[in-house]
Amino acid sequence: DGGITQSPKYLFRKEGQNVTLSCEQNLNHDAMYWYRQDPGQGLRLIYYSQIVNDFQKGDIAEGYSVSREKKESFPLTVTSAQKNPTAFYLCASSIGTGDDGTEAFFGQGTRLTVV
Amino acid sequence: GQSLEQPSEVTAVEGAIVQINCTYQTSGFYGLSWYQQHDGGAPTFLSYNGLDGLEETGRFSSFLSRSDSYGYLLLQELQMKDSASYFCAVRVGGSYIPTFGRGTSLIVHP
């Protein structure tokens, strides 16, 4: 079945460490996104990519980095520069063109806790 | 920038009808989407309105009025499983990137 897979589901990190969250999709979508969700909050855009080897900062990119070397993969690194990294991270993808491009498909999320 | 306003919480009883409103302020507005998210889960797409009017999908309907910068999600014949958070999201300009509101927590009582 096609879909988006995020791993791990739960992640614990010590302060000062970088950590990478995985996101893989087999939907053949061009566009991929990373969102951060805090309790009782909406989804805030961290980074997005509309094509391989290209990505753009979203509203809250500071302290994060991404890469898009393959169409299927869009990993997110939470660096030690991110001051408050504890959150629920959601990866999404969409076709990115045409009338069907408005629907975003989400992974199950990674819950990151800094200890 | 963009601004979206939704009520933080709505409660209703099983079998009832509930309406979740969303008002937005944004330049280059293209359309409004709705997503459902159960606790700890992934948001799932419910509907998209690119034009004014009502879109119906089973028990769920979504409405858009561009002149009023307003939309709503209507849920009929409420079921306990409809208890979840509901997010409106705008599409701006030529971008397909959804920008989300803070979400509305819907609590359905027996």
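## A tour from A:Q25 to the chain contact

Select A:Q25 and A:N28 to begin: a polar atom of the A:Q25 side chain lies 3.2 Å from the backbone nitrogen of A:N28, a polar contact in the sense of a pair of N or O atoms within 3.5 Å, where within protein one atom must be able to donate a hydrogen and the other to accept it, and where residues adjacent in sequence count only if both atoms are side-chain atoms. The model is predicted, so local features need pLDDT of at least 70 and side-chain atom pairs count only at pLDDT 80 or more, while totals for chains, interfaces and linings use all residues. Residues are numbered from 1 along each chain as its sequence is written, chains are lettered from A and ligands numbered from 1 in the order in which they are written, and side-chain values use heavy atoms, with hydrogens and water left out.

**Stay on A:Q25.** The backbone nitrogen of A:L27 is also reached by this side chain, at 2.9 Å. A:Q25 belongs to strand 3 of chain A, where helices (H or I, at least four residues) and strands (E, at least two) are DSSP runs numbered from the N terminus. Its relative accessibility is 3%, and A:Q25 therefore counts as buried; buried means under 20% relative accessible area, exposed over 50% and partly exposed in between, with a 1.4 Å probe and protein chains only. If you set aside residues up to four places away in sequence, A:Q25 touches A:G3, A:I4, A:M32, A:R68, A:K71, A:E72 and A:S93, contact being heavy atoms within 4.5 Å.

**Next, select A:T20, which is also in strand 3 of chain A.** A:T20 counts as partly exposed, at 46% relative accessibility. For a distance across the chain, pick the C-alpha atoms of A:T20 and A:S80, which are 11 Å apart in space although the two residues are 60 apart in sequence.

**Now show the cysteines.** The whole structure holds two disulfides over all chains, a disulfide being a pair of cysteine sulfur atoms within 2.5 Å. In chain A, the link joins A:C23 to A:C91, with 1.9 Å from S to S, and its angle of -75° about the S-S bond makes the link left-handed. A:C23 sits in strand 3 (residues 19-25) of chain A and A:C91 in strand 9 (residues 87-94) of chain A, so this pair ties together parts that are 68 residues apart in sequence. A:C23 is buried at 0% relative accessibility, and A:C91 is likewise buried, at 0%.

In chain B, the disulfide is formed by B:C22 and B:C88, whose sulfur atoms are 2.1 Å apart; with 70° about the S-S bond, the link of B:C22 and B:C88 is right-handed. Because B:C22 lies in strand 3 (residues 18-25) of chain B and B:C88 in strand 9 of chain B, the pair ties together parts 66 residues apart in sequence. Both B:C22 and B:C88 are buried.

**Turn to the backbone.** Most residues other than glycine have a negative phi, and most peptide bonds are trans. A:N53, in the loop between strand 5 (43-51) and strand 6 (54-57) of chain A, has a positive phi near 65° and is exposed, with a relative accessible area of 63%. In chain B, select B:E77, in the loop between strand 8 (70-75) and strand 9, where phi is positive and near 50°; B:E77 counts as exposed at 53% relative accessibility.

**Finally, display both chains together.** The contact takes 17 residues from chain B and 23 residues from chain A. About 1700 Å² is buried between the chains, 59% of it given by carbon and sulfur atoms; buried area is the accessible area (1.4 Å probe) that two parts lose on being put together, summed over both. Zero salt bridges are counted between chain B and chain A, a salt bridge being a side-chain nitrogen of Lys or Arg within 4 Å of a carboxyl oxygen of Asp or Glu. Four residue pairs, both members at pLDDT 80 or more, are in polar contact between chain B and chain A. On the side of chain B that touches chain A, strand 4 (29-37), strand 5 (44-49) and strand 9 (84-92) each supply at least two residues, and strand 4 gives the most, with three.
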